[in-house]
Amino acid sequence: MVRSAPMRMAAVVVFAMMAAGGVRTQDRSAPGGDARVQAALDAVEKTEPATIDAQVRLCEVPAPPFGEGARAAVVREMLRSAGLKNVRLDRAGNVVGERPGRSPRPNVVLAAHIDTVFPEGTDLKVTRSGAVLSGPGIGDNCRGLAVLAAVARALETAGVETNGSLTFVATVGEEGLGDLRGVKALFAETLKGRVDYFVALDGSGSSITNVGVGSRRYRATFRGRGGHSYNNFGRASPVNALGRAIARISDIQVPSAPRTTFNVGRIGGGTAVNAIPEEAWLEVDLRSSDQAALEQLDRSFQQTLRQAAAAENTRWKQNGAVTVTIERVGDRPGGRTDERSPIVEAALEASKAVKLPARLVENSTDANVPMQLGIPAISIAAGGSGTNTHSLAETFDSTDSVRGTARALLLTIALSRR
Ligand SMILES: [Zn+2]
């Protein structure tokens, strides 16, 4: 933490708020005016060590895909004790809490996802070495969750009043095959038609995501007769077909702009070393920042799988022996929030105010869903810096991480005053 940070923030906060279209002259003496904003900034500064402790505590509670309940309960209690109203779980399992303003609109939603990519049973112990914390999920997204609660608490401590209302949400199902189910339910049901701005807090660092990368995810299964490895040698094999498929997928050419990617993330199949397999499967993630490029990649991918099955059958002269079925298991919509839109400008100004070097980037986050709906949405990193996201060796460096908390706070206030 930088000792002079509060003063520097104070000097520029008014500028940031005005740039965001927020501060009106009468606000200066009104409740919720600049003195209280400054008090809220002081509060996040003072409580940053506690915010980091909360980050660690959250991280040690499991939140595997489709198993977010235990961590959701902890988040719920944190948001409730931070002074939010009507803190509850919605039908999807999202934690939702409210901070009413002078009027219900604009309604600003600040969100962070609860889930991790790590399966049940992963060792989640967090270790500390100076400013650096290590543990699976410590940055993505325990940092976002901790900052979500810290912003709510600071607003409450300082008694900041907003024109519009704030809704704080911790979402389920952001990662992996969760397929954004939490945020999809939020916009389809829980807050349907009641969101004016959406800001996701996701991971560590300082970037601002204004392009939502779309993705398609598939599980493909090759099936065949199977048999004895010696007695039935010569039967076409689903595992051979899988190998052919992966080799061909690896050779698919994709554009670098718009950035378009593929990954065979999981494979499986077979039952014994001396048995010709009856089944083999793979899971693939296809992504692009451009919808047309994604469609093109999707077509190439599906064609490749069918060609691989055919090649295996041709090799053993057994037409139709190995089949492939392709199941779509994920469809994350893509979208884009214009760089010159008020929400992006406000985020850039808030970054400047706290001296965070913000960069506009492309990503796949909870913000994808509102982006596709045309609702102003971004995702912002929640401060500090990190390495090895989505791996067991994930780290979070908390040096100056308070700037991330302060930015989220300022942006939330600025948007609620528009
Ligand atoms: Zn994340």
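Predicted model: local features only at pLDDT ≥ 70, side-chain atom pairs only at ≥ 80, totals over all residues.
Residues are numbered from 1 along each chain as its sequence is written.

Let me begin with the domains, whose bounds come from an automatic or database domain assignment. Domain 1 covers 5-212 + 335-416, and domain 2 covers 214-332. Their centres, taken over C-alpha atoms, are separated by 38 Å. Across the boundary, 8 residues of domain 1 are in contact with 10 residues of domain 2, where contact requires C-beta atoms, placed from the backbone, to lie within 7 Å.

Now to the sheet, for which helices (H or I, at least four residues) and strands (E, at least two) are DSSP runs, numbered from the N terminus, and two strands pair if DSSP finds at least two bridges between them. The open sheet has 4 strands in the order 4-5-19-18, with antiparallel pairing. Strand 4 (127-129) and strand 18 (385-387) each have a single partner strand, so one side of each is left without a neighbour in the sheet. Between them, strand 5 (residues 132-134) and strand 19 (residues 395-397) pair in the antiparallel sense over 3 bridges, and Ser 134 stands opposite Thr 395 in strand 19.

Finally, helix 8 (residues 342-353) and helix 10 (residues 402-416) have axes that come within 9 Å and cross at roughly 140°, with axes being lines fitted to C-alpha atoms, for helices over the stretch in contact, and angles running from 0 to 180 degrees between N-to-C directions. Among the residues making this contact are Ile 343 of helix 8 and Leu 410 of helix 10.

Conventions: Contact = placed C-beta atoms within 7 Å.
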